[in-house]
Amino acid sequence: MGRMQDKVAFITGGASGMGEMMVKLFTAEGAKVVAADINTDALKAKWDGVENVDYVKLNVTDADNWAEAVKTAADKFGKLDILINCAGISTEKGMEDITLADWQRLHDINGFGTYAGMRAVVPYMKEAGQGSIVNISSYTALVGMGYNPYSASKGSVRAISRAAAAEFGKDGIRVNAVFPGVIQTPMVANLESSKAALEGLIRMTPLARLGQPEDVGNAVMFLASDEASYITGAELVIDGGFSAR
Ligand SMILES: NC(=O)c1ccc[n+]([C@@H]2O[C@H](COP(=O)([O-])OP(=O)(O)OC[C@H]3O[C@@H](n4cnc5c(N)ncnc54)[C@H](O)[C@@H]3O)[C@@H](O)[C@H]2O)c1
């Protein structure tokens, strides 16, 4: 029997990178998964006809869209055990370059999107008396990397995760956050960072490599699963030791 047997998981950002990997890992361990993303073409291309995967268009900044998507998932599978808030955007712009519109968009998607997701699933989890939420923050919320506006949006994810863990523990809902380092996904490939910058990062990483989506996916799966039944409010750094230095 798989580690996620009979679990129903809703995973945002499920069309690319880490979210896509989580859909694969969770279903391989027996879960039924709803992959949610704003990119419907990618959802369709990746998940059409794949067993135990359903997909739904979701803009995480839209609270009404969240309510509909979560209801569709719960109606279809009869319950909702797990939410993974993985959808996100990044920018390399620093404090002096960013516009107010850039700031707003980052915080809408990364911060509000995570909050809106938790708010949408909590009623279902409360009714069931159990649930597990894992939010994807970033190592940039913990160390000064010069990506001020992105760091701030991921700091918001960190803070609301702890607050939600404290608020909903009594309802049997666990909330944890993970802090990936640089992970090789389309997000990183799309950044303008030069090869030299990434090589510099690798030199400063004790495990001397970039992370892979499965490095994060496996850790998230542990936190989401019943194996982590006494873990809530935890902050798990998955960065090859970068921030330990
Ligand atoms: N790759 C890294 O190095 C890294 C490091 C730390 C944290 N993270 C975080 O991990 C998460 C996943 O990143 P990734 O590297 O897999 O990126 P990715 O770009 O491969 O995937 C992100 C997904 O989020 C979706 N998305 C964007 N805006 C959305 C919206 N408004 N509504 C719904 N979906 C939306 C995109 O369509 C995409 O499929 C993000 O939250 C990111 O900030 C990434």
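This is a predicted model: local features need pLDDT of at least 70, side-chain atom pairs count only at pLDDT 80 or more; totals for chains, interfaces and linings use all residues.
The largest pocket itself has a volume of about 1100 Å³. To find its middle in the structure above, look for Gly88, Ile89, Ser90, Thr185 and Met187, which are the closest to the centre among the 47 residues of the lining. What kinds of residues make up this lining? Sorted by class, the lining of the largest pocket has 24 nonpolar, 17 polar and 6 charged residues.

Now let us turn to how the helices pack. Two packed helices are described by the angle between their axes and the distance between the axes.

The axes of α4 and α5 come within 8 Å and cross at roughly 15°. Angles under 35 degrees count as roughly parallel, and α4 and α5 are therefore roughly parallel to each other. In this pair, α4 passes α5 in a right-handed crossing. Which residues meet here? On the α4 side you can pick out Trp103, Leu106, His107, Asn110, Gly111, Thr114, Tyr115, Met118, Val122 and Lys126, and they meet Pro149, Tyr150, Ala152, Ser153, Lys154, Ser156, Val157, Ile160, Ala164 and Phe168 of α5. Grouped by class, the contact of α4 with α5 has 12 nonpolar, 6 polar and 2 charged residues.

Helix α4 (residues 100-128) also has helix α3 (residues 63-77) as a partner, with axes that come within 9 Å and cross at roughly 40°. That angle makes α3 oblique to α4. Here α3 passes α4 in a right-handed crossing. From α3, the contact uses Ala63, Trp66, Val70, Lys71 and Ala74, while α4 brings Phe112, Gly113, Ala116, Gly117, Arg119, Ala120, Val121 and Tyr124. By class, the contact of α3 with α4 divides into 9 nonpolar, 2 polar and 2 charged residues.

The crossing of α1 and α8 is right-handed. If you follow α1 along the contact, you find Gly17, Met18, Met21, Met22, Leu25 and Phe26, which meet Pro213, Glu214, Val216, Gly217, Asn218, Val220, Met221 and Ala224 in α8. The contact of α1 with α8 has 10 nonpolar residues, along with 3 polar and 1 charged.

One more stop remains, the second largest pocket, with a volume of about 200 Å³. Where is its centre? Look for Arg209, Leu210, Gly211, Asp239 and Gly240, which lie nearest the centre out of the 15 residues that line this pocket. By class, the lining of the second largest pocket has 8 nonpolar, 4 polar and 3 charged residues.

Methods
Residues are numbered from 1 along each chain as its sequence is written. Side-chain values use heavy atoms; hydrogens and water are left out. Axes are lines fitted to C-alpha atoms, for helices over the stretch in contact, and angles run from 0 to 180 degrees between N-to-C directions. Helices (H or I, at least four residues) and strands (E, at least two) are DSSP runs, numbered from the N terminus. Angles under 35 degrees count as roughly parallel, over 145 as roughly antiparallel, 65 to 115 as roughly perpendicular and the rest as oblique. A crossing is left-handed if the near helix is turned anticlockwise from the far one by less than a right angle, and right-handed if clockwise. Contact means heavy atoms within 4.5 Å. Ala, Val, Leu, Ile, Met, Phe, Trp, Tyr, Cys and Pro count as nonpolar, Asp, Glu, Lys and Arg as charged, and the others, Gly among them, as polar. On a 1 Å grid over the protein atoms alone, a cavity is a set of points where a 1.4 Å probe fits but cannot get out, and a pocket is an open set with protein on both sides within 12 Å along at least five of seven lines; lining residues have an atom within 4 Å of a point. Grid points are joined across faces, edges and corners, and a volume is the space filled by probe spheres set on the points.
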